[in-house]
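Here is a walk through one protein model, written for someone who likes to look at the coordinates while reading. Keep the viewer open and follow along.

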Amino acid sequence: MEDNKNRTSNIVWHQSDITKEDRQKLHGHKSLMVWFTGLSGSGKSTIANALQHELHKDGISVYLLDGDNLRHGINRNLTFTEEDRKENVRRTAEVGKLFVDAGVVVLAALISPYEADREQARILFQPGEFVEVYVRCTLRECEKRDPKGLYKKARLGEIKQFTGISQPYEEPQNPEIILDTSVLSVEECVQEMQSYLKNKLHLREGSDSLDT
């Protein structure tokens, strides 16, 4: 049996005749990865889903990769150990890179607790294609919300390796955007994201060309 090194040396990258830029022109806007990170209960998935809805209404090709949903499929074999959390982020970023190459705006919402893992995700993308969004919310407020009842179970010891309780969460050091959901509503967060994406990253609505 060939080892991994030999297998890798026998694999050659096949260059597509259709480029990312070609696909972006077809969609009428640039493509990028928007990565929502934050504690459980901070509002990542809610905001990402609402943003997806608004971008879709604006004629932007968009897809949401939700952390929980991914664990039902591509990441179903991963646990919540530090090693598996790293792999969870790596796989999600690689899938996101494919979406960006396809000319789509992809949103990812997952805790992704470690700064180094998020930075490894970022380097897969070209400059300007990765937008880290820190959905900031205090642990106390997240526990108060506890929409899935997970904090209660973690406090009772029924859930091991839970971020914020028995595992750390490393706050982003230099995110592109901070959304403080302790004070901002979902609607306000979505409006801020829409403004950022359209004005800073030159996404156009229903256009057959790209801003430059």
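## Ground rules

This is a predicted model, in which local features need pLDDT of at least 70 and side-chain atom pairs count only at pLDDT 80 or more, while totals for chains, interfaces and linings use all residues. Residues are numbered from 1 along each chain as its sequence is written, and side-chain values use heavy atoms, with hydrogens and water left out.

## The overall fold

The chain has 9 helices and 5 strands. Both are DSSP runs numbered from the N terminus: helices are H or I with at least four residues, strands are E with at least two. Reading along the sequence gives the pattern α-α-β-α-β-α-α-β-α-β-α-α-β-α.

Of the chain's 212 residues, 43% count as buried. Buried here means under 20% relative accessible area, exposed means over 50%, and partly exposed is in between (1.4 Å probe, protein chains only). The accessible surface of the chain comes to about 12100 Å², with 50% of that belonging to carbon and sulfur atoms; these areas come from the Shrake-Rupley method with a 1.4 Å probe, and for residues only the protein chains shown count as cover. Take the contacts in the chain between residues at least 6 apart in sequence: 76% of them join residues at least 24 apart. A contact means heavy atoms within 4.5 Å.

## Strand S4 and its partners

Have a look at strand S4, residues 130–136. Of its 7 residues, 6 are buried, so S4 is largely enclosed by the rest of the structure. Strand S1 (residues 33–37) runs parallel to S4, joined to it by 5 bridges, and Val 34 stands opposite Val 131 in S4. Two strands count as paired if DSSP finds at least two bridges between them.

S4 also pairs with strand S5 (residues 177–180), again in the parallel sense, over 4 bridges. Here Arg 136 stands opposite Asp 180 in S5. In a regular strand the side chains alternate between the two faces of the sheet.

## Helix H5

Helix H5 covers residues 82–101, and at 1.5 Å a residue its 20 residues should span 28 Å; the end C-alpha atoms are 29 Å apart, which agrees. The expected span is 1.5 Å times one less than the number of residues. Buried residues in H5 include Asp 84, Arg 85, Glu 87, Val 89, Val 95 and Val 100.

What do the buried residues of H5 pack against? They pack against helix H2 (20–27), S1, strand S2 (62–66), helix H4 (67–70), strand S3 (105–109) and helix H6 (115–122). Just after H5, Gly 103 takes a positive phi of about 90 degrees.

## Rings and charges

A search of the whole structure finds 5 aromatic pairs. Rings of Phe, Tyr and Trp (its six-membered ring) pair if their centres lie within 6.5 Å; planes under 30 degrees apart count as stacked, over 60 as edge-to-face and the rest as tilted. The rings of Tyr 134 and Tyr 169 are stacked, with centres 6.1 Å apart and planes at 25 degrees. Tyr 134 lies in S4 and Tyr 169 in the loop between helix H8 (150–155) and S5, so this pair ties together parts that are 35 residues apart in sequence. Both Tyr 134 and Tyr 169 are buried.

Tyr 151 and Phe 162 make an edge-to-face pair, 5.0 Å centre to centre with 80 degrees between the planes. Tyr 151 is buried at 1% relative accessible area, and Phe 162 is buried at 8%. Ring pairs also link Trp 35, Phe 125 and Phe 130 into a cluster. As for charges, the charged end of Arg 71 sits over the ring of Phe 80, 3.9 Å from its centre. That label needs NZ of Lys or CZ of Arg within 6 Å of the ring centre and within 35 degrees of the ring normal.

## Two glutamates

Is Glu 129 buried or exposed? At 11% relative accessibility, Glu 129 counts as buried. Glu 129 is found in the loop between H6 and S4, and, leaving aside neighbours within four places in sequence, Glu 129 is in contact with Lys 20, Ser 31, Leu 32, Met 33 and Val 100.

Glu 94, found in helix H5, counts as partly exposed at 32% relative accessibility. Glu 94 and Leu 124 are 30 residues apart in sequence and 7.6 Å apart in space, C-alpha to C-alpha.
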